[in-house]
Amino acid sequence: MTEIASPHISRPRILVLGVQPGTPPFRIVEIDGLVVAEAKEVTDVLEVAAVFGITVHDMDDPDVVRWVGGDKFTWRLH
């Protein structure tokens, strides 16, 4: 397979992991592979990104943010 024919696999700078138990529940945020924060809501993710100089225009763009175990609306355990 040539490089042109290979699928594009993006590695976004921001990774938001699944909901963790807590009061309130939270999600761990990684930037560039480092754990940097516990987010309790989507605005926490945006604030942490800004601290690291990342401007997020589209929270649904998988090249920018990868959501693991739910999407930007998942903040409670099921």
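Leaving aside neighbours within four places in sequence, glutamine 20 is in contact with Pro25, Phe26, Ile28 and Leu77, where contact means heavy atoms within 4.5 Å. The residue lies in strand β1; strands (E, at least two residues) and helices (H or I, at least four) are DSSP runs numbered from the N terminus. Glutamine 20 counts as partly exposed because its relative accessible area is 30%; buried means under 20% relative accessible area, exposed over 50%, and partly exposed in between, with a 1.4 Å probe and protein chains only. The side chain of glutamine 20 reaches the backbone oxygen of glycine 18 at 3.2 Å. Glutamine 20 and lysine 40 are 20 residues apart in sequence, and their C-alpha atoms are 9.9 Å apart in space.

The model is predicted, so that local features need pLDDT of at least 70 and side-chain atom pairs count only at pLDDT 80 or more, whereas totals for chains, interfaces and linings use all residues. Residues are numbered from 1 along each chain as its sequence is written, and side-chain values use heavy atoms, with hydrogens and water left out.

The protein contains one helix and four strands, which run β-β-β-α-β from the N terminus on. Of its 78 residues, 31% count as buried. Residues 24 or more positions apart account for 46% of the contacts with a separation of 6 or more. The protein exposes about 5,400 Å², of which carbon and sulfur atoms supply 57%; accessible areas come from the Shrake-Rupley method with a 1.4 Å probe, and for residues only the protein chains shown count as cover.

The largest nonpolar core has 15 residues, and those with the most contacts inside it are Ile14, Val29, Val45, Val56, Val65 and Trp67. A nonpolar core is a set of buried Ala, Val, Leu, Ile, Met, Phe, Trp, Tyr and Cys residues joined through side-chain atoms within 4.5 Å. Two or more residues of this core are given by each of β1, β2, β3, α1 (42–51) and β4 (65–67). The largest share, three residues, comes from α1. Valine 65 touches Pro12, Ile14, Val16, Val56 and Met59, not counting residues up to four places away in sequence.

Arginine 27 is buried yet has no salt bridge, the nearest side chain of opposite charge, aspartate 71, being 5.7 Å away. Here Lys and Arg count as positive and Asp and Glu as negative, while His and the chain ends are not counted; a salt bridge is a side-chain nitrogen of Lys or Arg within 4 Å of a carboxyl oxygen of Asp or Glu. A polar atom of the arginine 27 side chain lies 2.8 Å from the backbone oxygen of leucine 17, and the backbone oxygen of threonine 74 lies 2.9 Å from a polar atom of that side chain. Glutamate 30 is likewise buried without a salt bridge, and the nearest side chain of opposite charge, arginine 11, is 6.9 Å away. Apart from neighbours within four places in sequence, glutamate 30 is in contact with Arg13, Ile14, Leu15, Leu17, Val35 and Val36.

Side chains of opposite charge can pair when their charged atoms come close. A search of the whole structure finds two salt bridges. Arginine 13 forms one with aspartate 32, the closest N and O atoms being 2.8 Å apart. This pair links distant parts of the chain, with arginine 13 in the segment before β1 and aspartate 32 in the loop between β2 and β3, 19 residues apart. Arginine 13 counts as partly exposed because its relative accessibility is 39%; aspartate 32, at 46%, also counts as partly exposed. Lysine 72 forms a salt bridge with aspartate 60, with 3.0 Å between the closest N and O atoms. Here lysine 72 is in the segment after β4 and aspartate 60 in the loop between α1 and β4, twelve residues apart.

Backbone geometry was also examined. Phi of aspartate 32 is near 55°, a positive value in a residue other than glycine. A cis peptide bond joins threonine 23 and proline 24, with omega about 0°. Proline 24 lies in the loop between β1 (14–20) and β2.

Leucine 34 is found in strand β3 and counts as exposed because its relative accessibility is 56%.

Notes:
A polar contact is a pair of N or O atoms within 3.5 Å; within protein, one must be able to donate a hydrogen and the other to accept it, and residues adjacent in sequence count only if both atoms are side-chain atoms.
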